[in-house]
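Student: Please take a close look at one part of this model for me. I would like to follow one chain, from its confidence to its contacts with its partner.

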Amino acid sequence: MTVTDAPAALRPRLLGRTTVNVVVAVAVLYTLLPVLWLVLAASKDRDALFGSEVLSLSDFSFAQNLRDLFGMDGGIYGRWYANSLLYAVLGAAISALVSVGCGYAFDKYRFRHKEKLFGLLLAAVMVPQTVLALPLYLIASGTGLVNTFWSVFIPVLFNPFGVYLGRIFSQGYVPNEVLEAARMDGASELKTYVRVSLRMMGPGLVTIFLFQLTAIWNNFFLPMVMLSDQKLYPVSLGLYTWNSSATVSPEYYPVVIMGSLLAVLPLIVAFVLLQRFWRSGLTAGAVK
Amino acid sequence: MTTTAPPAPRTARLAPARAERVTNRRSERFACGVLMGPFFVLFVAVFLIPVATVVWLSFFSDDQPGLGFGPESSVFVGLRSYIAVLSDPTFLGGLGTVVLYCLIYIPLMVVGALALALLLDSGVVRLRAWAQLVLFLPHAVPGIIAAIIWLYLYTPGLSPVVELLGKADITVDFLGVHAVLPSMVNIALWSNLGYNMVIFYAALQAVPREVLEAAVIDGAGPVRTALRIKTPLVRPSIVMVAMFTLIWALQLFTEPMLLSQSTPMISSRFSPSMYIYDAAFTRNNYGLAAAASVILLLCTIALSYGVTRWSNRGGNREEANR
């Protein structure tokens with residue numbers, strides 16, 4: 001054992017450094033190249049795409065592809081995009097507030113069977129989405145909600161992992177002394193929560209919002225089960241149907257590629273802009 | 001008083017009048033209800049009731065009354081649906097596929113993400129923050145789009161990868177019978193490697209400096225420090241990542257669903273989740289779909305429990321060694 005490990009300690013630092021950097025560079029390329037291909041492919045017309053001339057910069061038809069995308073099937077892509085934004089942004093915002101409120105209450109208040117309840121809630125994290133899809137569909141069709149906005153919107157508000165994170169953030173960011181001080185001043189509990197605690201938990205709130213934003217933007221199984229009206233589709237489901245058309249009529253390939261590129265943008269923008277917040281949020285989730 | 005008092009005993013001590021204390025407690029209870037209420041409404045409506053429904057459905061079957069006249073009625077069939085699912089070779093095949101997928105995917109993911117995090121934590125990587133951000137990037141790419149990108153990169157005629165390999169006289173059919181599972185593992189790996197790396201990296205940052213300094217003084221090299229000191233210290237994160245990866249992997253649906261549009265190698269019952277979808281929405285056999293759902297749920301719970309137990313045992317062994 002010492003024989004195999006000894007050279008590592010004695011190895012010239014330069015060689016070690018180079019190896020480490022090469023390995024990381026390979027991982028970065030593995031990550032980046034498919035995205036780069038998507039960007040390049042989005043600027044190609046159909047012939048260039050199938051001519052595998054993706055790497056050449058001739059036939060630049062980015063604008064044409066963009067026009068095709070928003071013109072395809074009566075401009076339904078714009079509709080899908082707006083749906084996705086609505087489902088994801090509004091859903092994630094409400095979900096984050098609901099989860100953080102509940103996590104905060106779990107941290108700051110004492111009541112009977114608290115830890116048992118929390119355990120039950122954590123167990124919910126384990127239940128696969130695909131298991132819940134059929135009963136949710138039957139419930140939705142029983143209440144007449146199937147194939148409506150609500151059938152996709154309501155289930156994604158439920159985020160037990162967000163409550164777990166909310167509890168951790170509340171422990172970490174809101175000292176009990178602050179609440180005591182507010183109580184001494186005679187502020188009501190809810191007012192204290194909104195004016196003081198929620199602000200202190202800001203970074204945590206953003207993290208949970210981002211997690212849920214990603215989850216809803218990714219959501220595919222539930223819309224597929226619930227929706228039959230194409231006008232209610234989110235982008236993910238729309239691109240899935242277009243891709244299945246592409247196997248028959250290849251004119252769909254360029255629009256699927258361009259549509260995919262545009263669908264990736266909002267999350268990348270959100271993650272880059274809000275970097276500061278989710279990095280600290282991930283730390284809190286990981287260390288516990 | 002101490003047992004039922006609200007969380008801050010100091011408040012109680014300072015509050016002069018008993019009446020005030022009662023008011024406080026009442027207002028705290030009210031606040032607690034308002035804060036938890038919305039979540040628990042959702043918990044019941046979109047979690048508890050659906051889980052109960054799926055279990056209930058799995059014991060019933062919609063039987064057409066004689067000659068097909070009159071309304072359909074649900075009749076209790078006991079374990080019939082379970083027996084039907086468990087004796088269905090397509091379901092067992094799907095389960096086997098997912099187990100194989102997990103066996104390839106989870107070790108690659110955990111080892112890969114941890115190795116990258118350790119490398120980034122070693123302090124010799126240039127442009128570390130940028131490397132991390134780029135590696136995290138695929139997390140922002142929705143699963144279905146990751147699948148579309150890779151599907152096109154697997155498709156001959158569209159893919160520069162296939163063409164480059166072709167120039168080197170290598171023909172790989174990424175969607176062929178043997179390659180289709182590794183191809184799917186690759187998509188999942190690409191999507192989640194960076195995300196898990198960030199989790200490991202965050203945990204590594206929390207390793208106390210004194211411990212690392214002690215390791216250096218004891219003469220441990222960088223590799224040895226990484227494997228023998230840092231890795232055991234981030235064990236809770238490893239368990240968490242393994243568990244979440246497992247839960248997600250068992251639900252395998254999006255990738256095979258998309259790839260099935262382009263390759264005959266993926267049947268409509270390729271994985272248990274696809275089996276559920278097929279049973280419920282193509283064959284309209286709710287009892288069968290519900291039984292398959294419950295079986296998938298039980299498998300998930302059993303395996304997650306297994307991971308936790310296994311990690312606890314490992315942890316104890318480590319304690320004993322110390």
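Predicted model: local features only at pLDDT ≥ 70, side-chain atom pairs only at ≥ 80, totals over all residues.

Tutor: Among the elements of chain B, helix α4 (residues 89-121) has the highest mean pLDDT, 90. Helix α1 (residues 9-14) of chain B has the lowest, 46. The pLDDT is below 50 over residues 1-15 of chain B. That stretch still has 20 contacts in the model beyond near neighbours in sequence. For chain B as a whole, the mean pLDDT is 80. Of its residues, 86% reach 70 or more. The model scores ipTM 0.83 and pTM 0.83.

Now the contact between the chains. Chain B puts in 83 residues, and chain A puts in 82 residues. On the chain B side, helix α2 (residues 18-58) gives the most, with 18 residues. By class, the side of chain B that touches chain A holds 60 nonpolar residues. The rest of that side is 18 polar and five charged residues.

Next, zoom in on B:Ile148. Leave out residues up to four places away in sequence. B:Ile148 then touches A:Leu239, A:Asn243, A:Val256 and A:Ser260 in chain A. In chain B, it touches B:Leu258.

B:Ile148 also belongs to the largest nonpolar core, which has 169 residues. Four members of that core touch the most other members: B:Ala117, B:Ile148, B:Phe200 and B:Ala292.

Note on methods. Residues numbered from 1 in each chain as written. Chains lettered and ligands numbered in written order. Contact = placed C-beta atoms within 7 Å. Helix = DSSP H or I, 4+ residues; strand = E, 2+ residues; numbered from the N terminus. Nonpolar A, V, L, I, M, F, W, Y, C, P; charged D, E, K, R; others polar. Core = buried A, V, L, I, M, F, W, Y, C linked by C-beta atoms within 7 Å. Buried ≥ 20, exposed ≤ 12 C-beta atoms within 10 Å, placed from the backbone. pLDDT = per-residue confidence, 0-100.
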